[in-house]
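Please examine the following structure and its fold.

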Amino acid sequence: MGLGKSFRSLASITASQSQLSNSFAKAANVVDADEFHVTVKKVEQRSSAGDFNSQKFGATKARLEDRMVDFIEAVNHNKPTNPSAIKSLIKDLIESAVDHDAINYLNTKEKQQAQNGKNKLQEIKQDLVKTIIAVESKDEKDSGQRCGSS
């Protein structure tokens, strides 16, 4: 359920790059659907910080937000960027958003909902990575044009 909040936060961080911000906002809207709000009570012991999956998600979100700030700063100042770390963190964030252990606790209908959600997450991941590449490509293109005209 934290994925929507994460995408909204990333949309805000990337506001200066409307294409990227719009992609994160669109992703946030997608994860508001019912299949992303299945509640599972697992029998394992939980710490106050949440289970392992929740902790991994939170750490990945924080790293992605930090990297995204750096990426946007570089793009906005026509500095070289390396989006591979961001693409990897987006994949990790989406992967950690699904608690695969919790799937075992679902009934048949809920498992189908979960699968629909996983499919949507794959589409979101592809869209976000494609947008990151587009922003990077545009930045490189703009940067090259500026250098050539100096």
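Predicted model: local features only at pLDDT ≥ 70, side-chain atom pairs only at ≥ 80, totals over all residues.

Modeller: Residues are numbered from 1 along each chain as its sequence is written, and side-chain values use heavy atoms, leaving out hydrogens and water.

Colleague: How many helices and strands does the protein have?

Modeller: Helices (H or I, at least four residues) and strands (E, at least two) are taken as DSSP runs, numbered from the N terminus. From the N terminus on, the elements run α-α-α-α-α. The counts are 5 helices and 0 strands.

Colleague: Is the aromatic pair stacked, edge-to-face or tilted?

Modeller: Rings of Phe, Tyr and Trp (its six-membered ring) pair if their centres lie within 6.5 Å; planes under 30 degrees apart count as stacked, over 60 as edge-to-face and the rest as tilted. The structure holds 1 aromatic pair. The ring centres of Phe 7 and Phe 24 are 6.2 Å apart and their planes stand at 35°, so the pair is tilted.

Colleague: Which helices does this pair link?

Modeller: The two residues lie 17 residues apart, in distant parts of the chain. Phe 7 belongs to helix 1 (residues 2-13) and Phe 24 to helix 2 (residues 18-30).

Colleague: Is Phe 24 buried or exposed?

Modeller: Buried means under 20% relative accessible area and exposed over 50%, with partly exposed in between (1.4 Å probe, protein chains only). Because its relative accessibility is 0%, Phe 24 counts as buried.
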